[in-house]
Amino acid sequence: MKDKPVHLEEDYEFLVNGYSHQGEGIGRMDNFTIFVPGVISGERVRVKISEAKKNFARGRLEEIILSSPFRVEPRCPVYNFCGGCQLQHIVYEKQLEMKKEIVENALGRIGKQNIKVLPTIGMKDPWRYRNKGYFQVNQEKGRIRLGFYKAGSYDFVPAAECVLFSMQINRLVSYLEDQLSLQKVTVYHSKTGGGNLRNVLIRESRSRGEIMIVFFTKEDNLGFDQNFLNDLAKTFPQVVSVYQNINRNPKAVLLGKDFRLLKGEPDLEDALGPFRFKISPQSFFQVNVAQAEILNEKVLEYANLSGEEIVIDSYCGTAAISIYVAKQAEKVYGIEVEKSAARDAIINCELNGISNLKLFTGKVEGWLYKWRRSGEEVHLMIVDPPRRGCSLKALQGIIKIKPRKIIYVSCHPATLARDLKYLTKDGDYKLKKVLPIDMFPQTSHIECLAYLKR
Ligand SMILES: C[S@@+](CC[C@H](N)C(=O)[O-])C[C@H]1O[C@@H](n2cnc3c(N)ncnc32)[C@H](O)[C@@H]1O
């Protein structure tokens, strides 16, 4: 058998000439692929091999021999250590081009689609856009800190200076660190199963400046009392809702089902364009509101509705897209599996005076099968699944329903490409447009819209 052209812990020099769909640079030695984070296409680099598999390797950047003109100084003090952002070293306009290129490559290679992807719609100010942070908790010498785990490890990275959150969230993170450190709070330790506080979730409404906090614990006891909550409310009157979520299972990584409202309102209220949205702690809501508004407007533009259409919004969440569409269609059917999001969707319809949206709580897969028997003609099907994309059963259901148009909203180009391959395989649907919208600046995550016509 031929020996691999690269070996673990050895250095190699090569030209970077492309990107993986996770935003890592790609270089080659004798046609053997090497993935390297933190580099830019066109750069010549020296890399130490950190992982060598049969068909590819991964490397750590050791030296930039020829630097790209698009390289910039990252804003974040812990950028090279954290791993939460992958593209801060690239000037923003180039990040947008790169995302378009990644989508085009995925569609060609995985999806067998030969299409020119539209230029990515970026943000004017691509910083501090995140309205939600899910923080790990760390305790060292009694001092509690909120942060993240370094990508691929359990190394703790503090979050208080994160450049993706608003200054308000950062101030709140510092405040919680100071105040929780003065309480009888113990931090959960996954290896021993000891301690109590597991995570802290902070959600922020950009339209109202209001905040929701969830403390995730293992036990009922929080380690702080009402005085802590009263002081929090005095210092941060913007905090309108505080929850506790209890998960007694020491091994569980998922959220517990048990949410207890400790103080304030059950929901946070935010807005997208002219519409109001109530959001409960578990419900999906886009993390970048400014770009979500553009995305929803683009869905409307591609849908080109006259007011007489039947629309299905599958994977509808809190009805963020359904409500935009319902104003211009005859009837919208929304489908959502998560009970709390479906409940929020119903409340949101009432809040926005929408009476032509019918909501079903359950899985898209089962619902589409039942729907087929109704025989109603569907003009538009909106598909906005999680990163894993649609199941085969869901794709089969969509094809059997034969909507005239499909608008697929995707947060993962590889699964989008796979699903588009299936939807276009028999020639019933043609892919007309693909538009990336940068929902996650500075990171390698990519959101895009694909528009198909029967
Ligand atoms: C990416 S979010 C989209 C939400 C919404 N379209 C929006 O713009 O806010 C995906 C949603 O699909 C829901 N979901 C996941 N799998 C599902 C399934 N098999 N059937 C129905 N809903 C599902 C999730 O709970 C989540 O709310």
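Biologist: How many helices and strands does the protein have?
Modeller: The protein has ten helices and 21 strands, where helices (H or I, at least four residues) and strands (E, at least two) are DSSP runs numbered from the N terminus. This is a predicted model, in which local features need pLDDT of at least 70 and side-chain atom pairs count only at pLDDT 80 or more, while totals for chains, interfaces and linings use all residues. Residues are numbered from 1 along each chain as its sequence is written.

Biologist: What is the radius of gyration of the protein?
Modeller: The radius of gyration is 24 Å, close to the 22 Å that the globule rule gives for 454 residues, so the protein is as compact as a globular protein of that length. The radius is taken over C-alpha atoms, and the rule is 2.2 Å times the number of residues to the power 0.38. Along its principal axes, the C-alpha trace spans about 65 × 65 × 40 Å.

Biologist: And what share of the residues count as buried?
Modeller: Of the 454 residues, 42% count as buried. A residue is buried if 20 or more other C-beta atoms lie within 10 Å of its own, exposed if 12 or fewer, and partly exposed in between, with C-beta atoms placed from the backbone.

Biologist: Which residues have the most contacts inside the largest nonpolar core?
Modeller: Val 299, Ile 382, Ile 407 and Leu 449 do, in a core of 121 residues. Such a core is a set of buried Ala, Val, Leu, Ile, Met, Phe, Trp, Tyr and Cys residues joined through C-beta atoms within 7 Å. Leaving aside neighbours within four places in sequence, Ile 382 is in contact with residues including Val 299, Ile 407 and Val 409; a contact means that the two C-beta atoms, placed from the backbone, lie within 7 Å.

Biologist: Changing topic, which residues does UniProt list for "binding site"?
Modeller: The unreviewed UniProt entry lists Gln 286, Tyr 315, Glu 336 and Asp 384. UniProt positions are given in the numbering used here, feature names are shortened, and annotations may be inferred rather than shown by experiment.

Biologist: Is Glu 336 buried or exposed?
Modeller: Glu 336 counts as buried because it has 28 C-beta neighbours inside 10 Å. Glu 336 lies in strand E16 (residues 331–336). Not counting residues up to four places away in sequence, Glu 336 touches several residues, among them Tyr 315 and Thr 361.

Biologist: Which strand does E16 pair with?
Modeller: E16 pairs with strand E17 (residues 357–361) in the parallel sense over five bridges; pairing requires that DSSP finds at least two bridges between the strands. The chain crosses from E16 through helix H7 (residues 339–351) to E17 in a right-handed β-α-β crossover. Right-handed means that, with the strands pointing away from the viewer, the path from the first strand over the helix to the second runs clockwise.

Biologist: Where is Asp 384?
Modeller: Asp 384 is in the loop between strand E18 (380–383) and helix H9 (392–401). Asp 384 is buried, with 21 other C-beta atoms within 10 Å. Leaving aside neighbours within four places in sequence, Asp 384 is in contact with Tyr 315, Ile 321 and Val 409.

Biologist: What about Arg 387, buried or exposed?
Modeller: Arg 387 counts as exposed because it has 11 C-beta neighbours inside 10 Å. Arg 387 is also found in the loop between E18 and H9.
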